[in-house]
Amino acid sequence: MVYDAREGAVHLLNESAAHIYSLCDGSHDLDSIERDLRAEFKVPGDRDVRSDVLGALRALRSKQLVF
């Protein structure tokens, strides 16, 4: 759950989106977010995690939760 004080809105994130959000701290780039997500959720190597990460980041940006 993320509270947006500017809008007074609560955003409920699923587990993977919440994990991605937690990594948006300025010290992780796209590659490191992908690696971390893959390790945290034990994602098989043949799964396209980058597309999932990019989709989650787009959704977070559209809600102005990350910039």
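Asp-31 is partly exposed, with 37% of relative accessible area, and in this predicted model its salt bridge partner is Arg-50, with the closest N and O atoms 2.2 Å apart. Asp-31 sits in helix α2 and Arg-50 in helix α3, so the pair ties together parts that are 19 residues apart in sequence.

**The salt bridge network**

- Glu-34 has another partner in Arg-38, where the closest N and O atoms are 3.5 Å apart. Here both residues belong to helix α2 and are separated by 4 residues, about one turn of the helix.
- Glu-34 counts as buried because its relative accessible area is 16%, and the cut-off for buried is under 20%.
- Arg-50 counts as partly exposed, because its relative accessibility is 28%, a value between the 20% and 50% limits.

**How α2 and α3 pack**

- Helix α2 covers residues 30–40 and helix α3 covers residues 49–62.
- Two packed helices are described by the angle between their axes and the distance between the axes.
- For α2 and α3, the angle is about 110 degrees and the axes are 10 Å apart. That makes α2 roughly perpendicular to α3, because angles from 65 to 115 degrees count as such.
- The crossing of these two helices, α2 and α3, is right-handed.

**Backbone details to look at**

- Lys-42 has a positive phi of about 50 degrees, although this residue is not a glycine. You will find Lys-42 in the loop between α2 and α3.
- With 73% relative accessibility, Lys-42 counts as exposed, because the limit for that class is over 50%.
- Gln-64 is another residue other than glycine with a positive phi, in this case near 60 degrees. Gln-64 is placed in the segment after α3.
- The relative accessible area of Gln-64 is 39%, so this residue is partly exposed.

- Met-1, Tyr-3, Val-10 and Leu-12 make a nonpolar surface patch of about 530 Å².
- Met-1, one of the patch residues, lies in the segment before β1, the strand formed by residues 2–4.
- Met-1 counts as exposed, because its relative accessibility is 72%.

Note on methods. Residues numbered from 1 in each chain as written. Predicted model: local features only at pLDDT ≥ 70, side-chain atom pairs only at ≥ 80, totals over all residues. Heavy atoms only, no water. Patch = residues over 30% accessible without salt bridge, like charges linked within 9 Å, V, L, I, M, F, W, Y side chains within 5 Å. Areas by Shrake-Rupley, 256 points an atom, 1.4 Å probe, with all protein chains shown as cover. Salt bridge = Lys/Arg side-chain N within 4 Å of Asp/Glu carboxyl O. Buried < 20%, exposed > 50% of the residue type's maximum accessible area, 1.4 Å probe, protein only. Axes fitted to C-alpha atoms, helices over the stretch in contact; angles between N-to-C directions. Parallel < 35°, antiparallel > 145°, perpendicular 65-115°, else oblique. Left-handed = near helix turned anticlockwise from the far one by under 90°.
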